Amino acid sequence: MAEARLPSRAENFSEWYNQLVLRAELADYAPVRGCMIVRPYGWALWENLQSALDLRFKATGHVNAAFPMLIPKSFLEREKDHVEGFSPQLAVVTIGGGEVLEEPLVVRPTSETIIGHMYSKWIKSYRDLPVLINLWNSVLRWEIRTKLFLRTSEFFWQEGHTAHATEGEAVHETLQMLDIYADVLENEAAVPVVRGRKSESEKFAGAKDSYSVEGMMGDTRALQAATSHNLGQNFARAFEIRYLDRDNQQQFCWTTSWGLSTRVIGAIIMVHGDDQGLILPPRLAPHQVVIVPIHRNDAERSSVQEAVARLRQQLSAYRVRIDDREGLTPGYKFNDAELRGVPLRIEVGPKDVAQGTVTLARRDRPGREGKSAVPQDGLEGHVAAALEDIQRSLFDRALAFQKAHTHEPRSYEEFKEVVQGGWALAWWCGETECEAAVKEETKATTRNIPLDQPGGRGVCIHCGKPAAERALWARSY
Ligand SMILES: [Zn+2]
């Protein structure tokens, strides 16, 4: 299947992305428009991301549970902003078992409402708090314009839902989960992010405050990689989630929710990939190492295979694939491993066997520069060092790119120019109408209001009114 090259990333970023997702066998289009099939290679990447998150969720006291996919439609109507926000995107089930249902059911677009319903039953006293539950599931939000991983009607994610006795605990939880997302994105996915609070127009429907982590993709557009919401007492009041405090007084709980989805796979593709294909961060790559045996005849084959079997033993701590498929040239296998973004390739030929060496090739440094010959003895040490260095290099490169394309414009004229090819950090008055006008004129919106603020005060980049905070502005996915 010698296919044509990928479209160039620089020339057509969007088409490069679409074709790469398909050709690397990460995902495919489903028969139902807007839905996505995640193929085994893509799912393996997601599983590694899941593990990294799940470990951190559990280390901070959270537990997993499962909730149903169908929710009574009336539940969504109890929180006014929530139903307004989600109504246009709902899929509604009206017939079940051939009968028209008495009450229509929605396919969950998110689970705050059914969680609220159940928490009101389960939580009675301050002794029951906090409740810290996470769900790994999929949700459905009808989308018109879709793109694999980035925007599909059904997507896979985790949604955390917690209930607390005090506002302070809920705020702490919201920010703690934001930090966990930033940690996983930066240290596992090698995607640098900016933490911040969402503006009124960008926040979650029904939240008091929403926070996000935003990453810069390879075309300089921003991608919201995860969100964490302080729901205040909005859902607690709508669903009567109450507890008896130490003085035997009824109190409403304070709740939060937070989520990260398979969108992050889209971010990994767009941040690290190149014209040859994916470049996966070693900590998440389904295969960290691919070994390609090279031989021309039976005698060479047996000695090479013997060496490869020994090397696999040495590398038992790593996710290793041996590409011993018959009838394919080494060159084909190299290209295939590059397309799939395997961080490290090990070539083993007869000459290597004779000399007790192998050739290492780094995916992040194409051509000769990324190649080195190392001894078979102690190979695991070289592999460990190389994978660690690739992980760090990918992050450093992405961070340098983000910094180089983040501007601090001093006038609206300059602002309009820089947001066409980057991010702008600029003072903002905080008014929704002002933000909408900027969006209308430039297609850029506030991605978030970074937690990291310079201090002092300024004037709004658009309307000139006094501004207390700087916002991060960008065109986004
Ligand atoms: Zn303004």
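# Close-up views of a predicted model

**View 1. Strands β9 and β22 pair side by side.** Strand β9 (residues 193-197) and strand β22 (residues 445-450) run antiparallel and are joined over two bridges. Look for Arg197: its bridge partner in β22 is Ile449. The model shown here, as in every view below, is predicted.

**View 2. An open sheet has eleven strands.** The strand order is β3-β7-β8-β14-β11-β10-β9-β22-β25-β21-β20. The pairing is mixed. Which strands stand at the edges? They are β3 (63-64) and β20 (406-407). Each has a single partner strand, so one side of each is left without a neighbour in the sheet. The pair from the opening view, β9 and β22, can be found in the order.

**View 3. Four cysteines hold the zinc ion.** The protein donors are Cys429, Cys434, Cys460 and Cys463. Each gives its SG atom. These atoms lie 2.3 to 2.4 Å from the zinc ion. What is the arrangement of the four donor atoms? The angles they subtend run from 104 to 118°, which makes the arrangement tetrahedral. To count as tetrahedral, four donors need all angles between 85 and 135 degrees. The ideal angle for four tetrahedral donors is 109.5 degrees.

**View 4. The zinc donors come from separate parts of the chain.** Along the chain, the donors follow the spacing C-x4-C-x25-C-x2-C. Cys429 lies in the loop between β21 (423-428) and α14 (432-442). Cys463 lies in the loop between β23 (458-459) and β24 (466-467). The pair therefore ties together parts that are 34 residues apart in sequence. Are these two cysteines buried or partly exposed? Cys429 is buried, at 18% relative accessible area. Cys463 is partly exposed, at 34%.

**View 5. Arg325 and Asp336 form a salt bridge.** Side chains of opposite charge can pair when their charged atoms come close. Here, the closest N and O atoms of Arg325 and Asp336 are 2.9 Å apart. The pair links distant parts of the chain, eleven residues apart. Arg325 sits in the loop between β16 (320-322) and α10 (330-339), while Asp336 sits in helix α10. Their surroundings can be compared by accessible area. Arg325 is partly exposed, with a relative accessible area of 31%. Asp336 is buried, at 6%. Both residues belong to a network of salt bridges that links Glu25, Arg321, Asp323, Arg325, Asp336 and Arg340. The structure holds 31 salt bridges.

**View 6. Lys416 and Glu413 meet within a helix.** Their side chains form a salt bridge, with 3.4 Å from N to O. Both residues lie in helix α13 (residues 412-418). They are three residues apart, about one turn of the helix. Lys416 is partly exposed, with 29% relative accessibility. Glu413 is exposed, at 54%.

**View 7. Glu200 and Lys203 form another salt bridge.** The N to O distance between their side chains is 3.4 Å. Which of the two is exposed, and which is partly exposed? Glu200 is exposed, with a relative accessible area of 53%. Lys203 is partly exposed, at 22%.

**View 8. Three strands make an antiparallel sheet.** This open sheet has the order β4-β6-β5. The edge strands are β4 (70-72) and β5 (92-96), and each pairs on one side only. From one strand to the next, the twist averages 50°. Three bridges join β4 to strand β6 (residues 99-107). Find Pro72: it stands opposite Leu105 in β6.

**View 9. Strand β18 is mostly covered.** How many of the residues of β18 (residues 357-362) are buried? Six of its six residues are. Thr357, Thr359 and Ala361 point one way. Val358, Leu360 and Arg362 point the other way.

**View 10. Strand β18 pairs with β17 and β19.** Strand β17 (residues 344-348) pairs with β18 in the antiparallel sense, over four bridges. Ile346 stands opposite Leu360 in β18. Strand β19 (residues 371-375) also pairs antiparallel with β18, here over five bridges. The bridge partner of Thr359 in β19 is Ala373. Both Leu360 and Thr359 are buried.

Note on methods: Residues numbered from 1 in each chain as written. Predicted model: local features only at pLDDT ≥ 70, side-chain atom pairs only at ≥ 80, totals over all residues. Heavy atoms only, no water. Donors = N, O, S within 2.8 Å, 3.2 Å for Na, K, Ca; no water. Tetrahedral: all angles 85-135°; square planar, octahedral: opposite > 155°, others 65-115°. Buried < 20%, exposed > 50% of the residue type's maximum accessible area, 1.4 Å probe, protein only. Pairing = 2+ DSSP bridges. Salt bridge = Lys/Arg side-chain N within 4 Å of Asp/Glu carboxyl O. Axes fitted to C-alpha atoms, helices over the stretch in contact; angles between N-to-C directions.
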